[in-house]
Amino acid sequence: MKKQLLFSVAAICITINITAQIEADKYPIPEYSNEINLLKKSDDSLTLQRLEKGSAKKEMKVKMMGMGGMDNGYELEGEKSTVRLSSGSNLVFIYYTGAVGSTASNPVSDSLMKANGIDMSAMSNPMSMMEDPAKTITLYNTQSAKGSRKVMLQSMGLMGKSKKTSTVYTISVKKIKDSYYQMIVDKELPKGEYAFILMSGAAMDGSYPVFAFAVE
């Protein structure tokens, strides 16, 4: 009886894994790794659109020794993004790290380990926790200024009066397959300029990768 039960569980696990793999294979692989792409759905096909790619440093600007105000945040080149979206609803993005873990796996043993709370992908790729978009990627709206866009983290005017800062938009993350993540913006984005900041991609000069777009 126990053998029959184990066989049934194994068969179900294999079927679930095969089905999940077929669904995962429908997702296109981005041309470049460590970038954020917009996922576009049309009929039964899925395609990707690259976002505007740039970099930004976190900087603090103080006026009149702080008496005239202070701005703290990131600055992007250009007042408007080159990528314009017609709607801010149901936006889905893809983040692909390009890092592939060990391919040696067994559907039955993997499923049993998952049932016991063990993340196989984390074991095969120790860096996967650092690549998790839920922990390393933040979506902000940007404020346009002369010749630039700003992600304003903190801003104060004359005599320390608080000014409007950038809004953080939450995203729900789903792992599609190893090193491949789907990110869904939790609510509709109003018209404006936006930017993802990838904190895990810090460069030697202190800048971070930025992926920008606009909703018209």
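View A. Glu35 counts as buried, because its relative accessibility is 4%, and buried means under 20% relative accessible area. In this predicted model, the side chain of Glu35 meets that of Arg50 in a salt bridge, with a distance of 2.9 Å from N to O. Because Glu35 lies in strand β1 and Arg50 in strand β2 (residues 45–50), the pair ties together parts that are 15 residues apart in sequence. Arg50, for its part, is partly exposed, with a relative accessible area of 38%.

**View B. A salt bridge between Arg84 and Glu216.** The closest N and O atoms of Arg84 and Glu216 are 3.0 Å apart, and the two residues form a salt bridge. This pair links distant parts of the chain, since Arg84 is in strand β5 while Glu216 is in the segment after β13 (207–215), 132 residues apart. Are these two partners buried, exposed or something in between? Arg84 counts as partly exposed at 32% relative accessibility, and Glu216 is likewise partly exposed, with a relative accessible area of 47%.

View C. Lys175 and Asp178 form a salt bridge in which the closest N and O atoms are 4.0 Å apart. Lys175 counts as partly exposed at 33% relative accessibility, and Asp178 counts as partly exposed at 28%. Another group to look for is the network of Glu35, Arg50 and Lys53, which are joined by salt bridges that share partners.

View D. Tyr169 is in strand β9 (residues 168–169) and Tyr194 in strand β12 (residues 192–198), so that the pair links distant parts of the chain, 25 residues apart. Both of these tyrosines are buried. The rings of Tyr194 and Phe213 also have their centres 5.6 Å apart, but their planes are at 20°, and therefore the pair is stacked. Since Tyr194 lies in strand β12 and Phe213 in strand β13, this second pair ties together parts that are 19 residues apart in sequence. Tyr194 has a relative accessible area of 2%, and Phe213 counts as buried at 0% relative accessibility. Ring pairs link Tyr169, Tyr194 and Phe213, together with Phe93 and Phe196, into a cluster.

**View E. Phe93 in the largest nonpolar core.** The largest nonpolar core has 22 residues, and those with the most contacts inside it are Ile36, Leu51, Phe93, Leu189, Phe196 and Phe213. Which elements give two or more residues to this core? They are β1, β6, β7 (137–145), β11 (180–185), β12 and β13. When its neighbours within four places in sequence are left aside, the contacts of Phe93 include Ile36, Leu38, Leu39, Leu51, Met183, Val185, Phe196 and Phe213, and also Asn37 and Gln182. Another core, of ten residues, lies apart from the largest one, and among its members are Tyr74, Tyr208, Val210 and Ala212.

**View F. Lys177 over the ring of Tyr180.** Lys177 lies over the face of Tyr180, at 5.1 Å from the centre of the ring.

**View G. Two asparagines with a positive phi.** Most residues other than glycine have a negative phi. Asn34, although it is not a glycine, has a positive phi of about 55°, and Asn90, which is not a glycine either, also has a positive phi of about 55°. Where in the chain is each of them found? Asn34 lies in the loop between α1 (2–24) and β1 (35–42), whereas Asn90 is found in the loop between β5 (84–85) and β6 (92–96). Asn34 is partly exposed, with a relative accessible area of 38%, while Asn90 counts as exposed, at 73% relative accessibility.

Conventions. Residues are numbered from 1 along each chain as its sequence is written. This is a predicted model: local features need pLDDT of at least 70, side-chain atom pairs count only at pLDDT 80 or more; totals for chains, interfaces and linings use all residues. Side-chain values use heavy atoms; hydrogens and water are left out. Helices (H or I, at least four residues) and strands (E, at least two) are DSSP runs, numbered from the N terminus. Buried means under 20% relative accessible area, exposed over 50%, partly exposed in between (1.4 Å probe, protein chains only). Rings of Phe, Tyr and Trp (its six-membered ring) pair if their centres lie within 6.5 Å; planes under 30 degrees apart count as stacked, over 60 as edge-to-face and the rest as tilted. A charge sits over a ring if NZ of Lys or CZ of Arg is within 6 Å of the ring centre and within 35 degrees of the ring normal. A nonpolar core is a set of buried Ala, Val, Leu, Ile, Met, Phe, Trp, Tyr and Cys residues joined through side-chain atoms within 4.5 Å. Contact means heavy atoms within 4.5 Å.
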